[in-house]
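Thanks for asking me to look this over with you.

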Amino acid sequence: MENMQFDLLALLPELVILGMGMFILLLDLFILSQNRSILYGLSQFTLFAAAFFTFKTHTPAVGFSFSHMFIDDTLSDVIKLMMYLGTSLIFVYTRKYLQDRNLFRGEFYAMVLFGLLGMMIMVSGHNLLLIYIGLELLSLCLYALVAFDRENPRASEAAMKYFVLGALASGMLLYGMSMLYGMTASLDVSDIANSIMQQNKSPVLIMGLVFVVAGIAFKFGAVPFQMWVPDVYQGSPTPMTVLIGSVPKLAAYAMTVRLLVQGLHPLALDWQDMLMLMAVLSIVIGNFSAIVQTNLKRMLAYSTISHVGFIMLGMMSANANGFASSFFYISTYVLMSIASFGIILLLSRQGFEAEEIDDLKGLNQRHPWFAFLMLIIMFSMAGIPPTVGFYAKFTVLQAAWQAGFTWQVVLAVLMAVIGAFYYLNIVRKMYFDAPADHSPLTAPVDMQFILSVHSLALLGLGLFPEILLGICGHSLLISLQ
Amino acid sequence: MMQADLTSISWLSLAIWLPVLSGILVLLLGGDHKATLTRWLALAGSLASFLVTVPLYTLYDVQDGFFQFEELLPWIPAFNIHYHLGIDGFSLPLVLLTSFTTVIVVLAGWEVITKHVAQYMAAFLIMSGIMIGVFTALDAMLYYVFWEAMLIPMFLVIGIWGGPNRVYATVKFFLYTLLGSLLMLVAFIYLYHQTGSFELADYYLLPLSMQAQIYIFIAFFMAFAVKIPMWPVHTWLPDAHVEAPTGGSVVLAAIALKLGGYSFLRFAMPIAPDASHYFSAAMVALSLIAVVYIALVALVQKDMKKLIAYSSISHMGFVTLGFFMFSQLALEGAVMQMISHGFISSAMFLCVGVLYDRVHSREISAYGGVVNKMPVFAAFAVLFAMANSGLPGTSGFVGEFMVILAAVKFNFWVAFFAATTLIFGAAYTLWMTKRVFFGDVANHHVAELLDLNKREFLILGILAILVIGFGVYPQPITEVMQATSIEFLKHMAISKLPVTGY
């Protein structure tokens with residue numbers, strides 16, 4: 001009985017999210033539509049409360065509960081805190097958009113919170129099945145969210161594509177997991193690692209690994225599992241795009257750490273090559289495809305693919321330095337991508353999506369301040385110092401170099417120049433072209449303020465990168481030792 | 001006592017951050033509707049930034065060939081990166097040149113820039129701080145951050161205030177430079193994993209195999225050769241220059257090109273001395289191609305700015321030539337040439353700017369007989385043209401002469417080709433001067449020209465004094481770099497190849 005009590009305490013943040021998600025869903029039935037802002041406030045409060053409990057219950061020691069199925073280490077706590085922050089920012093930026101389009105409903109917040117719960121389970125899952133359940137919870141919420149705007153045929157199409165390909169990927173992951181289970185007779189991540197250590201490499205094990213890596217790659221959107229990314233990014237309403245494109249990458253990273261590092265590290269030599277190939281292909285294909293895009297969301301989708309390539313460049317090093325650098329890259333990437341979509345959401349208004357690159361034309365003459373913020377975001381994505389994006393690229397490149405991937409680093413560097421081209425293109429439109437549209441900004445003040453702080457943070461973290469670098473490196477090191 | 005107080009101030013940090021902060025201040029307080037306030041704020045900021053660099057010169061110990069005014073703070077402990085600043089005899093004149101040029105640029109854009117005044121002034125102030133950062137950083141990563149950060153304001157300056165083809169030019173400028181810089185970053189990553197730090201001092205002492213040195217040298221070469229620019233990676237420069245506003249051209253020519261030259265002295269050569277010797281013949285050859293071939297290209301230009309841009313490339317050929325002959329005379333001549341070119345090319349671009357502001361054309365054929373309408377301006381322009389072609393008594397002569405003198409000792413044919421610049425330089429500069437300034441008044445645009453106003457007179461006057469002053473008495477510049485160049489050559493003479501056994 002005592003044991004059980006402890007177990008639930010370790011899950012306190014998850015329980016808060018779950019309970020509040022259900023409460024919001026119920027409350028939505030009983031309040032008037034003009035009072036729905038309460039739901040928004042409650043959701044933000046939920047994130048705050050979860051962050052509070054995550055922070056409060058944090059200990060440096062690694063804790064297990066529910067018979068070793070649920071792990072609570074520093075890494076999971078840090079990732080969860082980042083997720084709360086990301087989700088909270090997304091709530092701020094999307095509120096106006098949802099209100100304008102009659103999508104401001106309780107289901108949205110409940111669904112996002114359930115999705116977050118799924119991600120938190122992925123982060124803390126120490127058992128193949130638990131990780132899979134977390135992933136499915138997240139995926140189902142995202143499928144539903146993409147189709148949230150029922151009247152929008154493009155969104156429905158995107159949801160369909162996302163669902164079909166996502167279900168396929170989940171199937172592959174599960175298939176791989178079943179093979180691992182068959183070979184190791186366990187679903188527990190540490191037991192799997194021990195068992196693989198004691199046996200010879202068998203084809204079934206490698207097949208299992210291939211399917212697991214494919215499942216992970218799909219979640220990241222790495223080449224050759226990237227087909228869904230551009231279509232889903234472009235087709236979804238922008239709030240859903242930012243939901244798909246940002247925080248879930250953190251969960252995918254955690255899943256990679258749990259499965260590949262903690263579970264399948266004895267097979268590192270095998271998955272290193274797979275990640276290497278995907279990294280190189282993602283960087284090349286992502287960058288080259290992004291150049292020709294005219295739709296900003298689609299361009300950001302391809303740029304995401306190339307960012308994923310860089311993230312894998314760090315992970316393929318298969319050592320603590322590499323995974324720490326990927327972690328840093330993902331944290332900055334999540335910040336950058338939410339900020340870039342924040343600008344799109346800021347500029348969009350009723351009946352106008354601001355999602356073509358040309359919609360940014362002459363932004364410097366209309367709103368010099370937001371043009372400046374977008375400038376920071378774009379240079380950060382391109383990896384130009386003194387923005388934080390540079391350090392993300394730098395840490396990943398040095399980790400890959402240390403692990404001996406010389407030509408991959410040189411190739412990645414050359415591709416970064418290609419990448420700079422399409423980010424510059426945006427800056428060019430904002431600063432050098434005349435505005436095509438003169439309507440005033442209608443975004444609420446809190447959104448403008450938070451978006452400003454958020455974008456400036458990209459510059460601030462670039463001037464003092466040690467803050468985030470230290471958190472990422474430290475949390476990974478003490479969790480993996 | 002007074003001395004001790006003055007040396008305890010972090011002059012270098014001030015020199016970097018004062019212009020950056022004043023740039024931010026201009027952005028925050030200024031705007032198009034209060035343009036006058038913006039201009040005065042920018043001028044005050046640039047003057048203050050210049051004044052804080054003056055003590056660097058007065059307090060500098062010319063006997064000491066190593067780094068002075070050092071500041072060392074931990075910055076990114078995760079990668080052992082430090083905020084490490086310091087100057088020696090090579091960087092000191094360049095720092096002063098930078099802060100001085102910024103004042104000139106602010107004055108030059110005074111009435112000319114009417115669109116986004118605050119952003120224009122702020123961009124130059126911030127750029128000035130960043131460039132001083134490049135010249136003073138002693139930590140490779142700090143240096144790299146400054147080096148790359150400079151691209152952002154320059155990209156905007158050319159793109160927003162430039163000429164008709166500005167977008168093409170600025171994107172080309174950015175991507176060319178970025179490609180070179182990223183290869184340099186790979187070299188830094190390699191060096192970091194060899195030494196575990198980004199300290200320049202550690203890199204200087206690191207023994208490296210010949211193969212490693214060659215790769216490192218090539219990576220640095222890609223970054224610096226683009227910036228200088230050396231033939232054949234120079235093609236971004238004429239485009240960028242032609243399309244940039246006058247201030248942008250001045251900063252590009254006077255300072256940005258020097259970043260490349262300086263970086264050869266600070267990074268490529270001391271880190272890979274054996275590779276530098278190995279490649280010296282090739283570098284000398286490339287420099288001579290720049291000197292001779294680019295001078296011929298300059299000769300046929302129809303656009304004044306393009307002509308000066310090509311002449312800059314040709315003059316920078318002298319700088320790299322001087323570096324790779326490994327003698328004190330050549331080295332000091334090359335650094336002298338960098339400083340003097342900073343003044344002369346600024347002056348030349350400002351002269352074109354004066355004409356362009358009035359007639360809105362940079363074509364040589366659009367002018368003729370300007371002297372009849374603008375006698376004072378013509379006097380200045382002819383003086384700077386003389387300096388550009390290396391007339392004795394102007395600062396342009398000193399550096400070129402020192403390099404040629406050193407070349408005679410090095411190899412007769414090198415000296416021969418280098419010396420042709422005195423002919424070609426005179427040919428293209430004076431021919432342009434003749435076509436623009438002399439003869440009869442060519443058209444009604446020229447007939448309506450008004451002579452220099454007080455602001456223009458002031459700018460060109462200061463530059464004229466400096467050009468003649470350093471031409472007659474170059475001692476203030478040469479004496480600060482003497483000790484440093486001796487130390488530099490000592491370092492370059494020692495092989496870094498690992499000592500192999502029997």
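This is a predicted model: local features need pLDDT of at least 70, side-chain atom pairs count only at pLDDT 80 or more; totals for chains, interfaces and linings use all residues.

1. A word on the kind of model first. The annotations I mention come from UniProt, and they may be inferred rather than shown by experiment.

2. Let's begin with the annotated span in chain A. UniProt, in an unreviewed entry, gives residues 126-418 of chain A the annotation "domain: NADH:quinone oxidoreductase/Mrp antiporter transmembrane". In the model, that stretch of chain A is 79% helix and 0% strand. Its end C-alpha atoms are 40 Å apart.

3. Helix α6 of chain A deserves a look of its own. The helix runs over residues 128-146, which makes 19 residues. From first C-alpha to last it reaches 27 Å, close to the 27 Å expected at 1.5 Å a residue. Among the buried residues of α6(A) are Leu128(A), Leu130(A), Tyr132(A), Gly134(A), Leu135(A) and Leu138(A). Further along, the buried set also includes Ser139(A), Cys141(A), Leu142(A), Leu145(A) and Val146(A).

4. Which elements do the buried residues of α6(A) pack against? The partners in chain A are β2 (70-72), α5 (106-124), α7 (153-184), α10 (228-235), α11 (238-245) and α12 (247-263).

5. Ile131(A) is a handy residue for seeing this packing up close. The residue sits in helix α6 of chain A and counts as buried because 27 C-beta neighbours lie inside 10 Å. Setting aside neighbours within four places in sequence, Ile131(A) is in contact with Met122(A), Gly125(A), Met255(A), Arg258(A) and Leu259(A). Leu259(A) is 128 residues away from Ile131(A) along the chain, yet their C-alpha atoms are separated by 9.0 Å.

6. Next, a helix pair in chain A. The axes of α4 (residues 74-100) and α15 (residues 320-347) come within 10 Å and cross at roughly 5°. The two helices are therefore roughly parallel to each other, as angles under 35 degrees are classed that way. On the α4(A) side the contact is made by Met82(A), Gly86(A), Leu89(A), Ile90(A), Tyr93(A), Thr94(A) and Tyr97(A). On the α15(A) side it is made by Ser331(A), Val334(A), Ile338(A), Gly342(A) and Leu345(A). By class, this contact has 8 nonpolar, 4 polar and no charged residues.

7. One backbone detail in chain A is worth checking by eye. Ala318(A) is not a glycine, but has a positive phi of about 55°. You will find Ala318(A) in the loop between α14 (296-315) and α15 of chain A. Is this residue buried or exposed? Ala318(A) counts as buried, because 20 C-beta neighbours lie inside 10 Å and the cut-off is 20 or more.

8. Now to the contact between the two chains. Chain B contributes 27 residues and chain A contributes 24 residues. On the chain B side, the elements giving two or more residues are α6 (140-149), α7 (151-161) and α8 (166-195). Of these, α8(B) gives the most, with 15 residues. The chain B side has 23 nonpolar, 2 polar and 2 charged residues.

9. A cis peptide bond joins Ile228(B) and Pro229(B), with omega about -15°. Another cis peptide bond joins Trp231(B) and Pro232(B), with omega about 10°.

10. His116(B) is a residue other than glycine with a positive phi, near 50°. Its place is the loop between α4 (91-108) and α5 (117-136) of chain B. His116(B) is buried, because 21 other C-beta atoms lie within 10 Å.

11. Last, Ala240(B), which lies in helix α11 of chain B. Ala240(B) is buried, with 29 other C-beta atoms within 10 Å. Not counting residues up to four places away in sequence, Ala240(B) touches Ile158(B), Ala169(B), Thr170(B), Phe173(B) and Leu252(B). Ala240(B) and Gly439(B) are 199 residues apart in sequence and 31 Å apart in space, C-alpha to C-alpha.

Definitions and conventions: Residues are numbered from 1 along each chain as its sequence is written. Chains are lettered from A and ligands numbered from 1 in the order in which they are written. Helices (H or I, at least four residues) and strands (E, at least two) are DSSP runs, numbered from the N terminus. The expected span of a helix is 1.5 Å times one less than its number of residues. A residue is buried if 20 or more other C-beta atoms lie within 10 Å of its own, exposed if 12 or fewer, and partly exposed in between; C-beta atoms are placed from the backbone. Two residues are in contact if their C-beta atoms, placed from the backbone, lie within 7 Å. Axes are lines fitted to C-alpha atoms, for helices over the stretch in contact, and angles run from 0 to 180 degrees between N-to-C directions. Angles under 35 degrees count as roughly parallel, over 145 as roughly antiparallel, 65 to 115 as roughly perpendicular and the rest as oblique. Ala, Val, Leu, Ile, Met, Phe, Trp, Tyr, Cys and Pro count as nonpolar, Asp, Glu, Lys and Arg as charged, and the others, Gly among them, as polar.
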